[in-house]
Amino acid sequence: MSNGSPFLIKICGLSTPETLEAALAAGADMIGLNFHPKSPRYVTLERAKQLAAIARGRTQIVALVVDWSEQQAAELAEALKPDWFQFHGRETPEQTAALRRAVGRPVMKALGIATAEDLKAVAGYRDAADLILLDAKPPKDAAFPGGHGKPFDWGLLASLDPSQRFMLSGGLDPANVAEAIGITRPAGVDVSSGVESAPGVKDPARIAEFIASARKAAAAGQESLSA
């Protein structure tokens, strides 16, 4: 909860109007549309346009892409008109900055964390991205990036520059999100598999439970800071 900004809750990997409406009804600040073909949460551009039409003006729309070119990203920006881009691949700080210029929108850069050594990369993206997303590092044989339902050691973030604004992701779910927020004090949280009944299948009840728990924990954190 840094810089006095509102706490952000993002539900990522939505793929149906019904589960999107559930996220909106529960109060999601951001919804993520996943354009990585190897992900079980992948959506086509046509489906993404349908979902964006429902969400526009009610929440912030985030387009998640992995190792795209500037041209690809610019074309998606024009076709979908998302509010944010999320770069979830191996984009360097220089590539991230160039992609941000190409899309003309705020961007978040996801970084996989497994050890304290991984946190050293964060500083390099400070000027290239508008927001850092700290995610669990995927298994070495994983077909797509992300935490794959497994959290990393949140205690590692104690060494992070306290002025660094970040969202927390990776293995979060309704049962552990309050603890995660209490330990790491993020600017927001991002969940995908933690609110699913099966890979790629969002559960409206779990979405509502996650958002309620995260919102309560964030409010408690703000109160303790101002006490």
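**Close-up views of a predicted model**

**View 1. Helices α1 and α2 meet side by side.** In this predicted model, the axes of helix α1 (residues 17-26) and helix α2 (residues 45-55) come within 10 Å and cross at roughly 30°. Angles under 35 degrees count as roughly parallel, and α1 and α2 are therefore roughly parallel to each other. The crossing of α1 past α2 is right-handed. Look for Pro17, Leu20, Glu21 and Leu24 on the α1 side, which meet Arg47, Leu51, Ile54 and Ala55 on the α2 side. Sorted by class, this contact has six nonpolar residues, two charged ones and no polar ones.

**View 2. The largest nonpolar core has 57 residues.** Ile11, Phe85, Leu134, Val189 and Phe210 are the residues with the most contacts inside this core. Helix α6 (residues 204-226) gives the most to the core, with six residues. A second, separate core has nine residues, among them Trp84, Leu131, Leu133 and Met167. In soluble globular proteins, nonpolar side chains tend to be buried together.

**View 3. Phe210 and the residues around it.** Leaving aside residues up to four places away in sequence, Phe210 touches Ile9, Ile11, Leu172, Asp173, Pro174, Val177, Val189, Val191 and Val195.

**View 4. Ala217 sits in helix α6.** Is Ala217 buried or exposed? Its relative accessibility is 14%, so Ala217 counts as buried, the cut-off being under 20%. Apart from residues up to four places away in sequence, Ala217 touches Ala178 and Ile181. Can you find Arg185 too? Arg185 and Ala217 are 32 residues apart along the chain, and their C-alpha atoms are separated by 9.8 Å.

Conventions:
Residues are numbered from 1 along each chain as its sequence is written. This is a predicted model: local features need pLDDT of at least 70, side-chain atom pairs count only at pLDDT 80 or more; totals for chains, interfaces and linings use all residues. Side-chain values use heavy atoms; hydrogens and water are left out. A nonpolar core is a set of buried Ala, Val, Leu, Ile, Met, Phe, Trp, Tyr and Cys residues joined through side-chain atoms within 4.5 Å. Buried means under 20% relative accessible area, exposed over 50%, partly exposed in between (1.4 Å probe, protein chains only). Helices (H or I, at least four residues) and strands (E, at least two) are DSSP runs, numbered from the N terminus. Contact means heavy atoms within 4.5 Å. Axes are lines fitted to C-alpha atoms, for helices over the stretch in contact, and angles run from 0 to 180 degrees between N-to-C directions. Angles under 35 degrees count as roughly parallel, over 145 as roughly antiparallel, 65 to 115 as roughly perpendicular and the rest as oblique. A crossing is left-handed if the near helix is turned anticlockwise from the far one by less than a right angle, and right-handed if clockwise. Ala, Val, Leu, Ile, Met, Phe, Trp, Tyr, Cys and Pro count as nonpolar, Asp, Glu, Lys and Arg as charged, and the others, Gly among them, as polar.
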